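Please go through this model with me, one question at a time.

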Amino acid sequence: MENNKNEILEKHCYTELVYQRINKKLKTAFSKDETEKLIRNILEETTVENYLKKGKNFYVSSKEHNIRITVNSNTFRIITVDKILK
């Protein structure tokens, strides 16, 4: 999974719609730069044990931020983020 983490860090990308989706799901109003910085920080900080490949997606769960990031395993596009319910 270490290779997957590195590959996700190198190749992850965004669509125009995902910025709006992330703001809506997190109830924020981040700019594109702020969104990308947040996602990059979470991807970097999250230990490899919290990277899970299931079907065609990777799920990166950050307990510190209470966020789970969904990444397409073929295109490495960020699909969405979800709040992790405690």
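Two strands count as paired if DSSP finds at least two bridges between them; strands (E, at least two residues) and helices (H or I, at least four residues) are DSSP runs numbered from the N terminus. This is a predicted model, in which local features need pLDDT of at least 70 and side-chain atom pairs count only at pLDDT 80 or more, while totals for chains, interfaces and linings use all residues. Residues are numbered from 1 along each chain as its sequence is written, and side-chain values use heavy atoms, with hydrogens and water left out.

Q: In β4, which residue is the bridge partner of Ile67?
A: β3 and β4 pair in the antiparallel sense, over five bridges. For Ile67, the bridge partner in β4 is Lys83.

Q: Which residue in the hairpin of β3 and β4 takes a positive phi?
A: Five residues lie between the strands of this hairpin. The positive phi, near 65 degrees, belongs to Phe76.

Q: Which are the edge strands of the open sheet?
A: Four strands make up the open sheet, in the order β1-β2-β3-β4 and with antiparallel pairing. An edge strand here pairs on one side only. The edge strands are β1 and β4.

Q: In β2, what is the bridge partner of Lys53?
A: Four bridges join β1 and β2 in the antiparallel sense. The partner of Lys53 in β2 is Phe58.

Q: Which residues touch the most other members of the largest nonpolar core?
A: A nonpolar core is a set of buried Ala, Val, Leu, Ile, Met, Phe, Trp, Tyr and Cys residues joined through side-chain atoms within 4.5 Å. The largest has 20 residues. Those that touch the most other members are Ile39, Leu43, Ile69 and Ile78.

How values were computed:
Buried < 20%, exposed > 50% of the residue type's maximum accessible area, 1.4 Å probe, protein only.
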